[in-house]
Amino acid sequence: MSFQTKLTLVCFAAGMSMTHSTFAEMVQLEHSTDITLSSLTQTVYERHPALHNELAQQQQINANTDLANATFADVKSISVSHYNDVIGSDNGSQEWEGSVDMPLWLPGQKQQQSVLSDKLSAELPAYKQQIKLDASAKVRELIWNVVLADNVTTQAHQVWQTSKELEKDVAARVNAGELASTEQLLANTNALEMHSQYLLAAAELEHALNSYQHLTGERSLPQVYEESLPVAYNNNQHHSLAVIDQKHPYLMLLEQQINTLRTQQDLAQFDGAVNPSLSVGVRSERGERGENFNNSFGVGVSFALDNDVYRRPAIANAAKELADAEITRQALERELNITLFSQLHDLDTKQQQLVLVNEQNEATQKYYSLQQRAFELGEIDLVNLLRSQSLANETQNRKQALEIDIKHMIAMTNQALGLVLWVN
């Protein structure tokens, strides 16, 4: 590389250094005591699209309750008929007949319909609890996306500031004639690279904050957002035996739906069946003109014979739906347990890694301090110092990232356990 080319690069780097100094202010992450995990979860819950289905479910419950409270099993009907001989003999013969038909409940049908209303009503709180858990998952995701991005940004800013201090030190020593001008070019280039990495990290942080604000309506994070594991999970030795509680919101909703399907299976025996019908009517008739009308009152009952064959398809379909739901629940429980085990295993691994990284970071920082001293005494060049500085930054960043990631893993483990953040 010619001297002119080196000089051009140095001037360019110096100009960029002056330009990027205007970006020295770090993105500040705000926290507020007025905002809590619970309040954020409530906000996300109230904006959750699935909440609109609650109205439809309540309408279904109300409609089924009205049916269970109905006096008759089906719609009452009125029939009226009239006969005369005007077209034929025209002797004045007339006949009027009217009746009211009232379908009756089969034995146990009305009671089962009432039980179905109770089961449908029990589904609604479980459905709400599942939405709350989904809202908790979204809040955890939004907050930790911001926290993790903030950690990366903070680390990038610290590295950039360190590179700027080194840049100033090298410039002073170049001016004093202690270092070659090419060393200043290297220091400038390093500072520009660290600045570029900081700008990228800050942009990711801003993106995470925008997503957080869009879904929660808040710009600040809660003052307290870190979680702790339940007492039963504080001992790592018991993590391998951990299982999902049967009160997990996802399992509870499926359990309620299975209870509803069992009731619907009991009701299926009445599908395709013909309800008996009570008929009450009157008849008025006369033979010829001049005769008095003869009025009579009648009561009748109609019922089906041998309609079992028409009930079987509904009974079989209900049994199939119930079996499918029970299979789905078993598969979901297995999947939840696998997820929980994976989360706890990853948490254990990261906690063990942190112990080693702490030791490594302590040794690396000591090594970097010695390298700085050696550079000041002229025993090593800038390339070796930057290499040791990069190693020190890497281990320090890894340590901080692991510490935050462990806290993040605890929140994700609580999510896998089905712990809702919303405190009513």
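**Before you start**

You are looking at a predicted model, in which local features need pLDDT of at least 70 and side-chain atom pairs count only at pLDDT 80 or more, while totals for chains, interfaces and linings use all residues. Residues are numbered from 1 along each chain as its sequence is written, and side-chain values use heavy atoms, with hydrogens and water left out.

**Stop 1: colour by confidence**

Colour the chain by pLDDT, the predictor's confidence in each residue, from 0 to 100. The mean for the protein chain is 86, and 92% of its residues reach 70 or more. Now select residues 1-24: pLDDT stays under 50 there, and the model has 27 contacts for this stretch beyond four places in sequence. A contact here means heavy atoms within 4.5 Å.

**Stop 2: the four-strand sheet**

Helices (H or I, at least four residues) and strands (E, at least two) are DSSP runs, numbered from the N terminus. Two strands pair if DSSP finds at least two bridges between them. Select β2, β3, β5 and β6, and you have an open sheet in the order β2-β3-β5-β6, with antiparallel pairing. Its edges are β2 (77-84) and β6 (294-302), each pairing on one side only. From one strand to the next, the twist averages 15°.

Walk across the sheet from the β2 side:

- β2 and β3 (residues 94-103) run antiparallel and are joined by eight bridges; look for N84 opposite Q94 in β3.
- β3 and β5 are antiparallel too, with 10 bridges; here W96 faces S284 in β5.
- β5 (residues 277-286) pairs with β6 over nine bridges, again antiparallel; S279 has G300 of β6 as its bridge partner.

**Stop 3**

Setting aside neighbours within four places in sequence, Y83 is in contact with S93, Q94 and E95. For a sense of scale, draw a C-alpha to C-alpha distance from Y83 to A126: they are 43 residues apart in sequence and 60 Å apart in space.

**Stop 3**

Q256 is buried, with a relative accessible area of 18%. Beyond its neighbours within four places in sequence, Q256 is in contact with A122, E123 and A126.

**Stop 5**

Next, find S32 in strand β1 (residues 31-32). S32 is buried at 17% relative accessible area, and it touches S220, L221, P222 and Q223, not counting residues up to four places away in sequence.

Then select helices α2 (residues 37-46) and α5 (residues 181-216), which pack at about 65° with their axes 9 Å apart. That makes α2 roughly perpendicular to α5, a label for angles of 65 to 115 degrees; under 35 is roughly parallel, over 145 roughly antiparallel and the rest oblique. Axes are lines fitted to C-alpha atoms, for helices over the stretch in contact, and angles run from 0 to 180 degrees between N-to-C directions. Show L40, T43 and V44 of α2 with Y212, L215 and T216 of α5 to see the contact.

**Last stop: helix α7**

Finish with α7 (residues 308-376). Just after α7, G378 takes a positive phi of about 80°.

Key
Expected span 1.5 Å × (residues − 1). Buried < 20%, exposed > 50% of the residue type's maximum accessible area, 1.4 Å probe, protein only.
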